[in-house]
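Subject: Structure handover

Hello,

Here is the structure to go with your sequence. My notes follow below it.

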Amino acid sequence: MKKYLIVLCALLMVFASTGPVSAEPAAEDKKTLVVYSSVNHQVDEDERKLDMLLSHFTKNIDFVHVSEFQPDDTKDTTHIFYYGSRNEQLPDSFLASMDSYEGTLTVIGHNQNQFKDHFSFEASPKLSNFNFMYLDGEKEEKIKIPLQSVFTVPVNEEIEVLAWAEGGKKAKPLVMEENGAYYAASPDVISPVSTLFGDVLHDIYQSSHEESHPGYIRLEDIHPLVDPEKLKETGEVLIENDIPFMMAVIPVYTDPETGRRSHFSDYPETLEVIQYLQENGGSVVLHGYTHQYRASETGEGFEFWDVENNTPIYKEGRDPSPIKRPDDFHTRDAYEDYMAELKDFERDYTETKLNKGIQELTGFGLYPLAFEAPHYTMSQHGYEIASEFFSTYVGQMQLSDENWQVMDSAPYSTSPSFTHGMTVLPETLGYVEPDNKQAADEIIQKAEQQMMVRDGMVSFFYHPYLGAERLSEVIDGLKDRPIEWIDLKEENTKVQSDEVTITAADGNVNVNKNTFQLFTESKTLFHYFVQNTADKVTWTMVGVSSLSVMLFCFYTFVSYRRLTQNERSDQVG
Amino acid sequence: MADILLYISLFLIWAMLFYHMFLMQGGYRHSIEYRRTKDRWEKKPFHYPSVSVLIPAHNEEMVIEETMKAMLNLNYPEDKIEVIVVNDNSSDATGEIVDAYAKQHPRIKALHTKPPHAGKGKSGALNQGLKKSTGEVIVVYDADNTPEPDAVRYLALGIENDAKAGAVVGKFRVTNGNKNLLTRLINIETITFQWLAQAGRWFWFKMATIPGTNFAIRRSILEKLGGWDEKALSEDTELSFRVYNLGYHIRFFPAAITWEQEPEVLKVWWKQRTRWARGNEYVIFKYLFSLHKLEKKKIVIDLVYFLFTYLLFFGGVMISHSIFIMNLFWDLNLSMGMVSYVLLVLGFLLFVTEVTLSLSFERGQLTWKNFAVVLFMYFTYSQLWIILVVYASFLEAKRILFKQEVKWYKTQRFQGKQTNENRSAS
């Protein structure tokens, strides 16, 4: 019965669609406070994970470290989240404040036992493992996940369990509610636990989000040297299936051995295919300018992260000097000055790359509507800079400035505080791995799991060099699922560089560019412009002169006949 | 870099080809229109102006007699026409032949020039003749010309009916066109030149170049201009420019037909053409740097055309030829693909159709044999022009650098008259 309801809901959504990424009405009213307990007192990767999950419901989120909490902080809030990422004794003032709090309190992870007024139970500080989870009442749809741990909570009648964790055939409460307060018994809200938690959050926020699954397919790493035939073949599959899609485009390919840079102007065939796909349902996503830093290969290298040093891009690739630590400085001020300098470098570097990327693509008639950092790696500062250029970000987010490998996705579209206003369309299903024969099935299976979240995003990427076949497999598997494929051209996106503004809405892309600056500032574009114009002119020349040749043949015929007729009449006369 | 050069050369070449296409279109229209004009004028009552025909002759004993006969055959009221043969310092029998005719026929007058007023080339001879002449209209023929009987009448008809025409230019045809391959080529070339460049320019711009023979010019204009420029190697081009500058146009009226002999030997052709090329280069430089002084900017059209012919188009061909040769040895990474080959073929087709169209205007010229010659012409005769321009430019540069005297070379004549069966009565 429920299945039919889902289908019905989905159908209603299709007809009454306001776009797949619908914003919660009056989202700003849900003033949310996150109280956290990180060791360094800073908003950290853990808080950012939560940020990603909560910003699906509201953009009005404040973060405060538990040690700095003031009772005033709760003022006007409708929701408070305490994120216990470590075991500690919470300040009395905070606990007192919570005791009298009338909004919705949600506790995550450690220290649940200190919120005595809200919960009748105490989670055991001991963790137990689980590898299945499911929403209450949907046990038959439980999903298998890599091993995770949960604080054990004894089940009693007071508690309403919203999500279950199952390990060794034993079910344990994962998220539960008691007297209007919620507890998530996981020490972490990283995916895949975040998937279930994300759905439960709809209850916590009493959200009206309907059952609907936006999704996208992104053709990945499209650079000038991509095989145009395979790219076209892959794109055609999507076009035939009437699926709008994204193309992660990199304007410059750098050969790691020779260092030679190739642009789309050097590969007009590839460019033509991308232009064709853009016209037929594809939307361009800027995927870096070169997708590399130092001498690495395009598509392999990182562009906005120094992987060698595991730091943001703080210096020229060829500069061997190490990044200094606070201990290298006598005063705190000196260190901060130094850091400011590094950040200035990062800003310059990032701005240049993004400006060039947007402008070069625009010059080639490709209009990026969103951004995706190469390998999803970018510093927090980087996201801030990117937000000045893009209104939409696509993919996973790097959550730590210490380690690029800390990255995650929310299960649905969000707009976390650290993206400074960008809408994030997360990638949730991974990609078709070339060597994995089960890749398509795995994606389809993960899609099922994603769809446990009432408006969970179903999104993956695909490398066109694999050809069309493997993409068809996935699409066939997803065909009957109620997925609303995102068309970026419908999403009110805005992209802004020094010389170009691109806005999209209602399927139309509007480009406002300073053509002269565009083509004179970049040697590549200037060359392309000249070449393109020369091409047009030469083919016009061909057309006009062909016509002339035909005309002259006709004239010759007419004139010859007239003369011979005259001659005949001369002879007769 | 090679790319840019190739495009530059391509555009230079094709600017010229497009201009030719445009002119050819005008030429075709004029081939129809001039007949109507002729018929209209012939129906009107006509007042014959007095005409002085000037024939400069320097050692022309081989051809002058035929010319004299043609002059006597001209249909023109006897009291309105005089033929002045300027025997310019000839060392052969030219003088005697002319004197003999002059004695028998009052129409013909002989003017023998002696140094220091002699041997100064065609311009000098014409200026001498002009001094002696009395006609309101001056008509010029080369000494090897045999105009058709109505030629002068048509030229005068043009002058009388077109007040704005400073000069009227007739058409010339080749008597020895079937003599050998060279004369065949020249014949085709002259027909094309006149229908494309002369008729086309007249149709669109009311301009034509005075060709040195078979044209009429108002005496008043010549007097205003002070006669011919004796320094100019191609006095006709130079004169045309000065006529435009007075605000007159030059009418191309192909009803007036003369027949002339063309070089039968490559060497003679070469010398003649070198003189023309140098002459035109002289004109370019004379006017290009004093453009601001010209009153009628219309000349710019012709000047640019000359500039293209002798410099830009030529430069384009040189560049594309060298790129082609270099590309045989090195990979120049040229980005222009298919289109360059298509254009190469189209360039050839344009040449063939334009020339064929011109031939179709002349009775008996559009034959399979001539068509074969046209195909052959593109790869041989037309290419000779490149070497010619290099040579002429070299000579002109030398002349300017070393301040040499201009020496007028008279085209060598050939024995044996060519009675042409193709002569049309029209």
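This is a predicted model. I begin with chain B, where the domain assignment gives domain 1, made of 2-17 + 300-401, and domain 2, covering 34-291. The C-alpha centres of these two domains of chain B are 30 Å apart.

Between them, 25 residues of domain 1 of chain B contact 20 residues of domain 2 of chain B. On the domain 1 side, at least two residues each come from α10 (299-329), α11 (338-360), α12 (368-379) and α13 (381-402) of chain B. The largest share, eight residues, is supplied by α13(B). By class, that side of domain 1 of chain B has 17 nonpolar, four polar and four charged residues.

Chain A comes next. Its 573 residues are 46% buried, and its secondary structure consists of 12 helices and 24 strands. The C-alpha atoms of chain A occupy a box of roughly 125 × 70 × 45 Å along the principal axes. Among contacts in chain A with a separation of 6 or more, 72% join residues 24 or more positions apart.

On confidence, chain A has an average pLDDT of 89, and 94% of its residues score at least 70. Over residues 5-25 of chain A the pLDDT is below 50, and this stretch has 24 contacts in the model beyond near neighbours in sequence. Where pLDDT is low, predicted coordinates should not be read in detail.

Finally, the two chains meet: 18 residues of chain A are in contact with 22 residues of chain B.

Regards

Conventions:
Residues numbered from 1 in each chain as written. Chains lettered and ligands numbered in written order. Predicted model: local features only at pLDDT ≥ 70, side-chain atom pairs only at ≥ 80, totals over all residues. pLDDT = per-residue confidence, 0-100. Contact = placed C-beta atoms within 7 Å. Helix = DSSP H or I, 4+ residues; strand = E, 2+ residues; numbered from the N terminus. Buried ≥ 20, exposed ≤ 12 C-beta atoms within 10 Å, placed from the backbone. Domains from an automatic or database assignment. Nonpolar A, V, L, I, M, F, W, Y, C, P; charged D, E, K, R; others polar.
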